[in-house]
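Trainee: I have a model open and want to learn how to read it. Can we go through it feature by feature?

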Amino acid sequence: KVRLKAVDDKAAVDDHGLWLADLARLARSVETVAIVILGLIVLAMAATVIYATRTGLAIHYEAIEVLHIVGAPDAYVARQFSRHATALGLRGALIGLVLAAPTLLGLDHFATEMPGGLVPALNLGARDWLALAALVPAVTLLSAVTARFTVLRTLARLP
């Protein structure tokens with residue numbers, strides 16, 4: 001700093017470490033918010049499956065009552081609803097994957113075209129794409145398990 005002042009007393013030295021620390025803290029905050037949003041999406045999905053399953057139970061109440069009269073176990077009824085929820089969950093997850101992939105590719109293209117490297121490229125690797133694809137079976141399984149649990153819990157409360 002003293003040597004710089006000897007060259008020009010208007011010279012200044014900036015410490016970019018402070019700026020980088022703030023930027024790193026912002027990145028961690030954005031990551032935390034993204035994880036919270038993902039959790040909220042999972043909760044919203046589970047709530048939707050529960051609501052749809054309960055609605056289906058209410059619509060088919062008479063048929064379920066007949067099944068109980070003839071001796072069908074609750075697990076049989078739950079399996080029927082679970083299959084339906086599995087199919088819907090799989091379809092929704094595949095649609096989400098088909099929409100997410102080009103969106104991510106577009107964001108990556110936008111980031112790489114941005115002058116000055118202001119927005120970093122996503123650089124999605126094989127592991128990232130596999131993680132995105134792994135959401136399909138995860139969502140499908142969560143839909144099936146949620147529907148089954150909802151049906152069994154609801155039927156257990158019936159007389």
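Trainee: Which residues does A75 touch, not counting residues up to four places away in sequence?
Mentor: Ground rules come before the answer. This is a predicted model, where local features need pLDDT of at least 70, side-chain atom pairs count only at pLDDT 80 or more, and totals for chains, interfaces and linings use all residues. Residues are numbered from 1 along each chain as its sequence is written, and side-chain values use heavy atoms, with hydrogens and water left out. Contact means heavy atoms within 4.5 Å. By that rule, A75 touches R148 and L152.

Trainee: Where is A75 found?
Mentor: Helices are DSSP runs of H or I, at least four residues long; strands are runs of E, at least two; both are numbered from the N terminus. A75 sits in helix α4, residues 74-113.

Trainee: Why does A75 count as partly exposed?
Mentor: Buried means under 20% relative accessible area, exposed means over 50%, and partly exposed is in between (1.4 Å probe, protein chains only). A75 has 29% relative accessibility, so it counts as partly exposed.

Trainee: How many helices and strands does the chain have?
Mentor: Five helices and zero strands. Read from the N terminus, the order is α-α-α-α-α.

Trainee: What is the radius of gyration of the chain?
Mentor: The chain has 27 Å, whereas a compact globule of 159 residues would be near 15 Å. Along the principal axes, the C-alpha atoms fill a box of roughly 100 × 30 × 20 Å. Buried residues make up 16% of the 159.

Trainee: Which residues make up the largest nonpolar core?
Mentor: A nonpolar core is a set of buried Ala, Val, Leu, Ile, Met, Phe, Trp, Tyr and Cys residues, joined through side-chain atoms within 4.5 Å. The largest here has seven residues: L57, I64, V77, A78, F81, V151 and L155. Helices α4 and α5 (126-156) are the elements that give two or more residues to this core. Helix α4 gives the most, with three.

Trainee: What is L57 in contact with, leaving aside its neighbours within four places in sequence?
Mentor: L57 contacts I64, F81, V151 and T154. For the chain, take the contacts with a separation of 6 or more: residues 24 or more positions apart account for 74% of them.

Methods
The radius of gyration is taken over C-alpha atoms; the globule rule is 2.2 Å times the number of residues to the power 0.38.
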